[in-house]
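Have the structure open while you read.

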Amino acid sequence: MPPPSPHPAAPRRVLVLGATGTIGRAVVQALVARGDAVVAVVRPGAVFDPHQAQGAIIRVADVTDPQSLARDGIAGEAFDAVISCLASRSGAPGDAWAIDHDAQQVVLAAAKAAGIPHFVLLSAICVQKPRLAFQHAKLAFEASLIASGLRWSIVRPTAYFKSLSGQVARVAAGKPYLLFGDGSLTACKPISDRDCADFLADCLIDPARWNRVLPIGGPGPATTPREQGEALFALLGTPPRFRRVPVELLDMIGAALETLGRIVPSLSAKAELARIGRYYATESMLVLDPDTGRYDAGATPETGSETLADYHAALLRGTEHAERGAHAVFKDSIT
């Protein structure tokens, strides 16, 4: 990709939503480093380390409550842009629609009412082939944003480093690397939090990223789960050891949970998590060619400089810590 435009001399005032997540924190840090004035909104009761947002103003507001967001978050002030990194924690249907759609709609309405001209949205590349509740919720909000009349930038990243790092500890402990099928069913161009945050921040200053849907990956080439495992064993200096897990196992788990969910409603949400796991086990996180229905690594733009191997090396050294959240890749829980 072409290099981003030079940063403007005059700082921008930016409102950041979802600032407690790893991407949100990285966005705050990227903006502050550029000299922008940042207001980071965190939810009531959130555990937030202020040292991770030095130079930013931290405000507590409920993004699901229009009055709270306007009063406690925007506070009657002027902003040049809002960057929303809001995302549901679990991906379960109720949570997905409440956050990925409804809360985002609250933010959009508040931005319009406050006269904020530019809305940058962190979405996901997997919405290209929507089969899950959170994907449909994200797409529904994307449509609202596009039709809003504001300048918009919709960023759809590929897989994050943290989502591909659940097996580092088990492999370091001498266990085999788990693969669905032969490990070549899917591929992605992994992206780091920092590189993703820089791309989001550059949407404010690069007109080529305005009013566009922007799929993005980290520095290539695309890599399969088997290749990721081989690279991890190479870092450890040990021969590769793999254990294959049949995709059908996820189908069996999902079907069982769906059946049990009719008796125990709480299990219905877990059935959706099984479907999420199956999706990520069988679908690549690359640009989808609508004409062929195939994923195209060559058509997936790249950004940044950090590689998954670098991140795994830092995890092994203990200089990085993976915060993988509530719906990390499902395969990591199979033992």
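## The sheet and what packs on it

Val120 stands opposite Ser153 in β6. This is a predicted model, in which local features need pLDDT of at least 70, side-chain atom pairs count only at pLDDT 80 or more, and totals for chains, interfaces and linings use all residues. Residues are numbered from 1 along each chain as its sequence is written, and side-chain values use heavy atoms, leaving out hydrogens and water.

β5 (residues 118-122) and β6 (residues 151-157) pair in the parallel sense over 5 bridges; strands pair if DSSP finds at least two bridges between them. Helices (H or I, at least four residues) and strands (E, at least two) are DSSP runs, numbered from the N terminus.

Zooming out, there's an open sheet of 7 strands with parallel pairing, in the order β3-β2-β1-β4-β5-β6-β8. Its edge strands are β3 (57-60) and β8 (212-216), each pairing on one side only.

| Helix | Strands | Angle |
|---|---|---|
| α2 (residues 66-74) | lies across β1, β2 and β3 | about 155 degrees to β3 |
| α4 (residues 133-146) | touches β5 and β6 | about 155 degrees with β6 |

Thr186 sits in the loop between β7 (177-180) and α6 (193-202). It counts as buried because its relative accessibility is 9%, buried being under 20% relative accessible area (1.4 Å probe, protein chains only).

How values were computed: Buried means under 20% relative accessible area, exposed over 50%, partly exposed in between (1.4 Å probe, protein chains only). Contact means heavy atoms within 4.5 Å. Axes are lines fitted to C-alpha atoms, for helices over the stretch in contact, and angles run from 0 to 180 degrees between N-to-C directions.
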